[in-house]
Amino acid sequence: MKMPVLRREFLKTGGALIIGFSLRDVGSAQSPARGTKAGPPDAKQIDTWLAIHADNTATVYLGFVELGQGNSTALPQIAAEELDLAMNQVSTVRIDTNVTPNQGGTYSSASIARGGPQVRTAAAEARAALLEIASKKLKAPVERLTVQKGIVSVMGSPERHVSYGELVGDKPFNLAFTGKAPVKETANYELVGVSIPRRDTPDKVTGKYVYMQHARVEGMLHGRVVRPRGQGAYGAGAKVLALDEDSIRNIGGARVVRKGDFLGVVAEHEWDAIRAAQQLKVTWDSNPTLPGNDGLYDKMRAGETQDKVVLQKGDVAAGLEKGPHVVSFHCRAPYQAHAPFGPNCALADVKADSAVVMSSTQDVYGTRNTLARLLGLAVDKVRVQYYEGSGTYGHSCYDDVAQASAVMSQLAGKPVRLQFMRWDELGWDNFGPAHVGEVRAAADANGKIIAYEYEGWHHNWSNVETTSQLTGVPAAEWPTAAAQQVNPLACGGMYNIPNIRLVNHKVNGLEYLKAAWLRSPLDLSFSFTSEQAIDQLAYLAGVDPHEFRQRNILDARWQGVLDAVAQAAKWTPRRAASNLSDAKVVTGRGIGLGTHLQSWGAAVAEIEVNKETGKIRAKHMYGAIDAGLVVNPGNVESQIMGQMVQTVSRMLLEEVKFSKSAVTSLDWASYPILRFEECPEITPVVVQRLDQKSSGAGEEAMAAAAGAMANAFFDATGVRMREFPMTPERVLAALRG
Amino acid sequence: MSADLKIKVNEREWKVASAPDTPLLYVLAGEIGLQGPRFGCGLAQCGSCSVLVNGVETRSCVTPVSAVRGKQVTTLEGLPKWYASQNKLAKAPDLHPLQQAMIDEQAVQCGYCVNGMIIKGSELLSKTPQPTEPQIRSAMNGHLCRCGTYPRVIRAIQKASRTMAGIA
């Protein structure tokens with residue numbers, strides 16, 4: 001009854017079954033008005049968040065999207081808990097700018113941290129309103145009412161009861177938040193804090209789950225973009241010098257759509273669109289304005305920067321002079337790709353005066369704004385509906401593909417479904433930016449860190465999608481200034497250091513690759529540099545690296561997460577690199593601390609280094625997160641597991657390759673990621689803190705894991721790595737000295 | 001066009017409208033409307049589009065549809081039936097034991113790769129009912145996952161193996 005709001009139609013055509021989806025049928029049976037008007041609905045109204053149905057079930061309207069992280073289970077858990085409903089009484093609907101509230105984008109691991117309290121408040125307001133009505137109906141004061149599975153009864157007189165469904169059944173509340181609705185005491189939680197199995201899994205393992213890539217509408221065309229293989233410098237665009245439309249004439253039904261330098265092909269059949277896109281003859285101008293991998297880091301250091309002191313305390317120079325233990329070095333970290341396993345896809349139906357776009361955006365309202373400008377439509381004439389795609393891990397090409405499908409639909413006059421090819425996705429990604437970090441730090445004779453300085457160089461997020469750039473309608477998504485800053489939670493901020501200074505050097509991103517946030521943005525780069533410095537101070541002080549960190553932490557939660565991971569890894573104290581061996585294959589262990597935002601993360605890495613081949617093998621990764629109140633510990637364990645695997649992949653294998661003209665990492669051979677045979681054992685550790693507010697858990701142990709891996713290499717070899725990925729070539733060069 | 005090309009998918013015969021050199025994937029997804037096999041790279045590098053052809057895991061993105069003429073194609077949707085016929089069960093279960101094990105082990109995150117994981121894992125279990133962990137890793141090595149679910153996929157295959165042997 002409260003099925004997702006899309007209608008599936010099965011049309012028999014010549015023996016084949018074609019699945020169609022209606023773009024228009026999106027109201028729910030219970031509230032036909034919902035869906036007819038552009039959102040966002042008023043966030044202070046109970047009806048925006050919740051509907052109670054006659055069958056005593058509830059629909060909760062969420063703004064945070066399911067990205068594979070499990071929040072389509074965890075957020076309803078919060079709603080069910082507050083409303084005293086069972087999980088199977090609470091459902092959700094498709095996220096849609098005409099239907100669901102604007103909770104902001106699903107990034108920065110904010111679903112539970114920011115979205116959780118919103119859902120909890122809304123559910124508590126609804127419960128309070130329901131109890132008011134029940135009180136009149138049952139002729140008993142609210143204080144004497146109790147609720148179980150949506151049945152309200154009078155304490156001591158269980159025969160006097162009424163269900164939520166009977167109280168409001170499908171009628172709107174028409175009530176604003178009072179700001180006074182009491183929320184449940186943590187001690188009384190029955191659902192929150194429990195590892196409820198994910199609700200999306202059964203459909204995902206049977207092929208019933210409708211991904212963005214599966215959506216189809218009647219009368220649609222398949223599209224493919226035609227771009228040079230691999231992006232050049234951001235902002236330089238790609239100019240069409242010559243186009244031979246006759247070159248695809250032999251592919252029946254395929255035709256070119258063009259706006260400025262934006263080129264695509266559309267066709268009735270997908271394979272025809274794919275063939276046409278590959279066969280179309282286009283001459284592009286080539287702009288060799290990139291530094292290439294070889295010139296990248298020198299260029300970043302040489303150019304002009306915008307500088308900002310992120311944190312300043314005490315007198316770092318004086319501290320560094322005191323010592324006696326001092327470290328000073330710099331590290332380099334590459335561009336890395338989001339590389340979703342399935343390339344991004346979108347389906348747009350653009351009419352003269354309105355548009356509906358199905359997209360796997362992390363932010364339906366943000367995507368709607370940019371689409372409106374690109375299409376020349378008023379914002380309230382554009383509707384964006386969310387369909388989960390392949391995991392995105394940050395700002396992959398989902399906005400670009402949504403824009404491209406919309407432009408193609410506008411040009412073709414029909415709905416267009418567009419999926420990127422593997423080379424489009426990898427070649428034109430918004431990569432996680434490259435980074436150069438310089439660190440100087442000192443510890444006193446007692447192993448106390450007395451001075452710490454970090455300077456980081458990287459460029460800003462690109463704010464114009466490729467489609468937008470190529471069409472000549474550069475609709476910016478956010479201010480040009482937006483960028484990741486040197487992050488205190490990955491750069492020394494977790495330690496109690498009297499003299500500390502963090503400086504961000506923002507490089508102008510125009511002569512570099514396109515960039516955006518990639519899971520735990522830049523933290524792996526920060527931590528690779530910073531946690532090696534901390535580790536080296538421990539080494540110089542002759543102290544076990546876990547103990548050294550303990551000595552330098554005041555904060556109980558950093559201490560807690562550090563000790564939790566050390567305990568899980570059965571860490572035994574000894575100085576790093578004290579077990580060096582002449583064997584061909586040596587082992588090492590390392591510890592690291594750091595997080596992305598708000599939470600607390602720690603990791604231990606156990607690795608193996610083959611000194612002849614230079615190959616590093618991660619054997620066992622332990623990752624711990626303290627994210628306050630964890631709503632669904634099973635989900636967080638999954639997240640930690642994913643973070644450990646992805647960090648190992650990024651530290652050992654991943655680097656975007658590019659020449660002076662273009663990106664050359666275009667498939668899984670030229671952009672390898674970790675595979676089964678190389679995958680370490682993973683031990684996830686969830687530090688549950690029922691009395692603390694929830695914070696993020698989707699990317700909060702990756703910084704720690706990056707540092708732990710680098711430190712494990714030192715423990716194994718007595719040598720420090722200064723650049724990642726730690727490929728065999730770089731390892732052998734480092735071992736040679 | 002090849003009005004006479006017919007293929008057998010999940011024990012049902014389909015008349016193919018696409019040209020015979022069209023990759024199988026676009027017939028399964030476009031003509032038949034199946035959601036198991038899906039595009040990942042188009043280069044046979046990732047395993048997203050995997051199906052079983054006569055019980056052998058095959059990358060449908062690079063296999064011309066004409067190549068499966070006269071063969072049995074099984075997709076994720078048809079696995080329970082295929083499992084039943086392999087094991088001479090009177091009735092197909094709701095789920096292949098590996099599908100159930102993926103749920104039990106909560107092995108899925110975004111789930112886009114899960115088609116290939118289950119197809120390849122089923123092939124492995126049909127040939128090697130009690131695989132060792134190195135055998136599992138080796139068999140699965142051509143299937144990528146970006147969310148990092150490998151450890152739980154391994155556990156799910158081990159669990160399905162026990163279920164199938166009746167030692168769950």
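Residues are numbered from 1 along each chain as its sequence is written, and chains are lettered from A, with ligands numbered from 1, in the order in which they are written. Because the model is predicted, local features need pLDDT of at least 70 and side-chain atom pairs count only at pLDDT 80 or more, while totals for chains, interfaces and linings use all residues.

Chain A is divided into domain 1 (22-197), domain 2 (215-287 + 338-427) and domain 3 (293-336 + 431-736). Between the C-alpha centres of domain 2 of chain A and domain 3 of chain A the distance is 35 Å. Their contact takes 34 residues from domain 2 of chain A and 31 residues from domain 3 of chain A, two residues being in contact if their C-beta atoms, placed from the backbone, lie within 7 Å. On the side of domain 2 of chain A that touches domain 3 of chain A, at least two residues each come from α9 (364-375), α10 (398-412) and α11 (422-427) of chain A. Here helices (H or I, at least four residues) and strands (E, at least two) are DSSP runs, numbered from the N terminus. With five residues, α10(A) gives the most to that side of domain 2 of chain A. By class, the side of domain 2 of chain A that touches domain 3 of chain A has 12 nonpolar, 15 polar and seven charged residues; Ala, Val, Leu, Ile, Met, Phe, Trp, Tyr, Cys and Pro count as nonpolar, Asp, Glu, Lys and Arg as charged, and the others, Gly among them, as polar.

The largest nonpolar core has 280 residues, a nonpolar core being a set of buried Ala, Val, Leu, Ile, Met, Phe, Trp, Tyr and Cys residues joined through C-beta atoms within 7 Å. Helix α3 (residues 110-138) of chain A gives the most to this core, with 13 residues. Among the residues with the most contacts inside the core are A:Ala705, A:Met709 and A:Phe713. Leaving out residues up to four places away in sequence, A:Phe713 touches A:Gly588, A:Ile607, A:Val609, A:Ile616, A:Met721 and A:Met726.

Helix α17 (residues 702-717) of chain A has 16 residues and reaches 23 Å from its first C-alpha to its last, close to the 22 Å expected at 1.5 Å a residue, where the expected span is 1.5 Å times one less than the number of residues. Since 16 of the 16 residues of α17(A) are buried, this helix is largely enclosed by the rest of the structure. A residue is buried if 20 or more other C-beta atoms lie within 10 Å of its own, exposed if 12 or fewer, and partly exposed in between, with C-beta atoms placed from the backbone. Just after α17(A), A:Gly718 takes a positive phi of about 75 degrees.

A:Val65 sits in the loop between β4 (58-60) and α2 (71-83) of chain A and is buried, with 25 other C-beta atoms within 10 Å. Apart from neighbours within four places in sequence, A:Val65 is in contact with A:Ile95, A:Thr106, A:Gln362 and A:Tyr386. A:Tyr386 is 321 residues from A:Val65 in sequence, yet the two are 7.6 Å apart in space, C-alpha to C-alpha.

Chain B has six helices and five strands, in the order β-β-α-β-β-β-α-α-α-α-α from the N terminus on. The radius of gyration of chain B, taken over C-alpha atoms, is 16 Å, close to the 15 Å that the globule rule gives for 168 residues, so chain B is as compact as a globular protein of that length; the globule rule is 2.2 Å times the number of residues to the power 0.38. Of the 168 residues of chain B, 58% count as buried. Chain B is divided into domain 1 (6-76) and domain 2 (78-164), and 17 residues of domain 1 of chain B are in contact with 16 residues of domain 2 of chain B.

Notes. Domain bounds come from an automatic or database domain assignment.
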